[in-house]
Amino acid sequence: MRRFLFGLLALASTWFVFSSFLWHQFHAFHASPSAGSSDKDNNAWDIQRIHERISALEDLVRSKAFSEKANDVGSRSEGVVARETGVEGKEEDSMTEYLKDTAKHFMSSFNPLGVLRGVSKHTAKLVEGHEHDHKHHEHWHANETLRSDPCYNLFDFGLLEIWKAKEKPICKPPPSNPSSESPLTPGGIAPSRMPPSFLKCRVHTHPRLNRPTAPHTICDGSNIVFDPSKLSPAPCLKHRPNYMCEGGNSYHHFASGAFQANCQVVKGEGNQKGGLSLRNFPMDHLRDIFDSWRVTTETPQRAKISQAPVTLFVSREKGEHVNMYHTLTDWYMAWQALRVVEISPDHVQVIILDGHSEGPLDSFWNEVISRGAPMIRAKNIKSALLMHRVVWSPPGYSNILLGKKWTDCKKAMRMMEAFVADVDDGFQSVHNEDMSTLNMLYISRRPYQTDLVKRKFIGRQVDNEDALLHELESLEGVKVSKADFAHMNLKDQIHAAAASDIIVGMHGAALAHCLWMPPWGALVEMGSRTNLGVYFEKISLWAGLHFENWYNKKYPVGFRKDDTGDYTTVDLKDFMNYARRAVSNVKSRKKQAFEYEHRLKESVALAAHPY
């Protein structure tokens with residue numbers, strides 16, 4: 001008993017010293033002047049966000065590394081195996097080693113990549129509820145200050161909470177005899193009788209998205225049959241005729257029975273034909289899909305059981321699946337849908353429902369979203385599938401990245417930062433930790449032809465590109481490289497962006513790669529004229545980056561056009577003011593990040609040696 005009390009006392013003392021020192025360092029940091037203070041409201045480096053994340057870290061340390069382990073420490077000093085940690089029992093002096101191990105764990109978590117993008121990639125996943133730790137996810141969002149912020153509820157994790165709160169049953173499982181149900185073997189033959197199914201949807205109309213995309217619905221179900229024989233190629237969507245119909249039959253029409261389930265439609269959620277009411281679904285892919293819903297008790301002949309525990313259905317827009325920005329909306333929408341239903345990508349297999357051709361961005365699915373089994377295409381599936389758990393991702397057109405009314409929320413969003421951290425993990429990105437040199441990536445635009453995409457005409461090319469690069473190379477402490485992403489695979493594109501401190505380029509979809517930069521990074525967008533859209537300003541600020549926007553103020557002077565594109569002659573004197581401002585900002589915030597990380601490491605080190 002004395003040993004157990006000693007363990008509790010030591011833990012309490014350690015926590016007190018650790019907490020006091022951490023807050024001392026925080027207040028010292030708070031009092032120090034910030035070179036980037038003018039950008040405080042526009043990036044992830046403001047003091048309030050640091051305060052919030054230290055609070056979350058304290059909660060995490062207290063719950064996961066200390067309080068939760070007190071009984072384990074006492075048990076280990078009695079020579080008993082610690083059940084939850086799997087650490088075998090040690091002698092009485094194991095207390096010191098335990099504290100060192102705890103400190104080592106947190107020190108390994110603090111790294112320049114994510115000091116303020118969720119404290120670190122690894123700690124962020126615990127604090128923000130990554131994978132299975134949904135208890136901490138809810139705790140992180142139980143902050144009334146956050147919930148009172150309109151931006152949090154419109155474009156941040158608050159949106160996911162709103163979706164969750166609007167969950168309702170659409171089709172309930174029928175009464176059944178559990179003893180008669182046999183377990184399903186992945187990859188095996190499906191039983192002739194359908195196991196009980198369910199369908200739940202979360203129907204929300206986002207006030208800042210385009211009305212034609214409403215309602216914005218996320219659905220999931222269990223024991224659902226997908227029958228690919230009920231699909232037929234089509235130029236347009238059934239419920240969205242005369243829109244994006246050019247370019248061949250690469251959409252699908254879904255005949256009745258394309259999706260089947262053994263459930264009872266909830267009163268008020270059905271139609272006169274025995275199917276589902278379509279008012280819950282927007283007039284796009286989702287309405288087409290759920291118009292094919294059929295209730296049955298029998299599985300199709302020769303149906304197989306899916307390989308992965310969870311299937312995520314994704315439908316994309318024609319031609320947009322090879323555009324980086326629009327594809328980003330599909331990725332972000334799928335990631336959000338899995339967050340709403342609290343499913344880890346490690347258990348997911350993506351099925352692409354559209355019939356579009358392969359594209360250079362497709363590999364993302366396997367690296368980040370479809371980690372339970374490789375992504376497959378519906379058109380390549382030969383037999384019906386019985387799937388244990390199913391999620392339907394809303395189309396990218398209904399994602400907040402395409403919302404227009406957002407200018408009152410020009411600041412970092414935790415949800416975007418968490419998404420970026422997952423992409424960092426999926427592609428094992430590495431950032432530039434060299435304090436003496438900033439990496440600047442210039443993204444070039446030229447006509448191109450590859451095996452998957454052909455573009456004879458490219459707009460927004462720089463006419464005096466060599467002179468521009470020469471000026472950029474004159475910046476002190478900056479290493480400039482040039483890349484044309486059209487000739488690089490997706491992994492190399494993401495790695496090139498992640499290794500950059502600053503990205504410079506003409507307005508175009510490739511600038512969406514700015515998301516993979518470290519949180520001290522900056523994007524310098526260029527434009528041939530004004531009013532080219534604010535998409536890249538939005539995502540860069542939501543990711544906590546610094547943003548600069550140069551455009552040709554003399555247009556149409558300095559602008560020309562021919563058969564292969566249009567060209568802008570950049571006013572170098574004017575442009576370099578924007579470039580220098582970006583460099584100055586990044587140098588300041590990068591230094592700030594590493595200094596703050598050092599203070600955090602000192603705090604954790606002190607926790608390991610309190611006496």
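Trainee: Which helices and strands each supply at least two residues of the lining of the largest pocket?
Mentor: They are α11, β17, α15 (490-498), β19 (502-506) and α16 (535-542). Helices (H or I, at least four residues) and strands (E, at least two) are DSSP runs, numbered from the N terminus. Please note that this is a predicted model, in which local features need pLDDT of at least 70 and side-chain atom pairs count only at pLDDT 80 or more, while totals for chains, interfaces and linings use all residues. Residues are numbered from 1 along each chain as its sequence is written, and side-chain values use heavy atoms, with hydrogens and water left out.

Trainee: What volume does the largest pocket have?
Mentor: The volume is about 900 Å³. On a 1 Å grid over the protein atoms alone, a pocket is an open set of points where a 1.4 Å probe fits, with protein on both sides within 12 Å along at least five of seven lines, and lining residues have an atom within 4 Å of a point. The volume is the space filled by probe spheres set on the points.

Trainee: And which lining residues are the closest to its centre?
Mentor: Of the 41 residues that line the largest pocket, these are Val322, Met324, Tyr448, Ala509 and Ala510.

Trainee: Let us turn to β20. Is this strand mostly covered or uncovered?
Mentor: Strand β20 (residues 522-527) is mostly covered, with six of its six residues buried. Buried means under 20% relative accessible area, exposed over 50%, and partly exposed in between (1.4 Å probe, protein chains only).

Trainee: Which way do its residues point?
Mentor: Ala522, Val524 and Met526 point one way from β20, and Leu523, Glu525 and Gly527 point the other way.

Trainee: In what sense does β20 pair with β19, parallel or antiparallel?
Mentor: Those two pair in the parallel sense over five bridges, and valine 504 stands opposite valine 524 in β20. Strands β20 and β21 also pair in the parallel sense, over six bridges; there, glutamate 525 has asparagine 549 in β21 as its bridge partner. Two strands pair if DSSP finds at least two bridges between them.

Trainee: One more topic, the backbone. Where are the cis peptide bonds?
Mentor: One joins alanine 214 and proline 215, with omega about -10°; proline 215 is found in the loop between β2 (198-204) and β3 (216-226). Another joins tyrosine 555 and proline 556, with omega about 10°, and proline 556 lies in the loop between β21 (546-551) and β22 (559-562).

Trainee: What phi does arginine 302 have?
Mentor: Arginine 302 has a positive phi of about 65° although it is not a glycine. This residue lies in the loop between β8 (293-295) and β9 (304-305), and arginine 302 is exposed, with a relative accessible area of 66%.
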